[in-house]
Amino acid sequence: MDAIALLTITVLAVFVGFEVVSKVSSTLHTPLMSGANAIHGIILVGAIIVAGQATDPWVLAVALLAVVLATANLVGGFVVTDRMLHMFHAKKDAVQPKAGSK
């Protein structure tokens, strides 16, 4: 494929991804983040494999950048999911009465 076709596909994917994610209700964000974390884990493994087999310095540099970005995305996804789950726990604790109170 030529560069124009690849750029067109990338731009269209960004627009479609933004539209899909912006339409998701807030109650579905936590399950979707869990699925996204699994996908980012697969992407990280692929980036590590490519970096391990790279022979050209340019390919190695891009692969290592992919490893760093995939790692940041994966860790960030887990942090966001953890924070969202703690928000749900806070609601449960506030509703339940404390032990020993009348």
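Accessible areas here come from the Shrake-Rupley method with a 1.4 Å probe, and for residues only the protein chains shown count as cover. Patches are made of residues with over 30% relative accessible area and no salt bridge, with like charges joined within 9 Å and nonpolar side chains (Val, Leu, Ile, Met, Phe, Trp, Tyr) within 5 Å. A salt bridge is a side-chain nitrogen of Lys or Arg within 4 Å of a carboxyl oxygen of Asp or Glu.

This is a predicted model: local features need pLDDT of at least 70, side-chain atom pairs count only at pLDDT 80 or more, and totals for chains, interfaces and linings use all residues. Residues are numbered from 1 along each chain as its sequence is written, and side-chain values use heavy atoms, with hydrogens and water left out.

Start with the fold. The protein has three helices and zero strands. Along the sequence the pattern reads α-α-α. Helices (H or I, at least four residues) and strands (E, at least two) are DSSP runs, numbered from the N terminus.

Next comes confidence. pLDDT is the predictor's confidence in each residue, from 0 to 100. Its mean for the protein is 81, and 83% of the residues reach 70 or more. Where pLDDT is low, the predicted coordinates should not be read in detail.

Now the inside. Of the 102 residues, 13% count as buried. Buried means under 20% relative accessible area, exposed over 50%, and partly exposed in between (1.4 Å probe, protein chains only). The largest nonpolar core consists of five residues: Leu 44, Ala 47, Val 67, Ala 70 and Leu 74. H2 and H3 each supply at least two residues of this core. H3 gives the largest share, three residues. A nonpolar core is a set of buried Ala, Val, Leu, Ile, Met, Phe, Trp, Tyr and Cys residues joined through side-chain atoms within 4.5 Å.

Look at Val 67. Leaving aside neighbours within four places in sequence, Val 67 is in contact (heavy atoms within 4.5 Å) with Leu 44, Ala 47 and Ile 48. Ala 38 sits in helix H2 (residues 29-53). Ala 38 is partly exposed, at 47% relative accessibility. Ala 38 and Leu 74 are 36 residues apart in sequence and 8.4 Å apart in space, C-alpha to C-alpha.

Val 50, Trp 58, Val 59 and Val 62 make a nonpolar surface patch of about 400 Å². Helix H3 (residues 57-95) provides the largest share of the patch, three residues. Val 62 lies in H3. Val 62 is partly exposed, with a relative accessible area of 42%.
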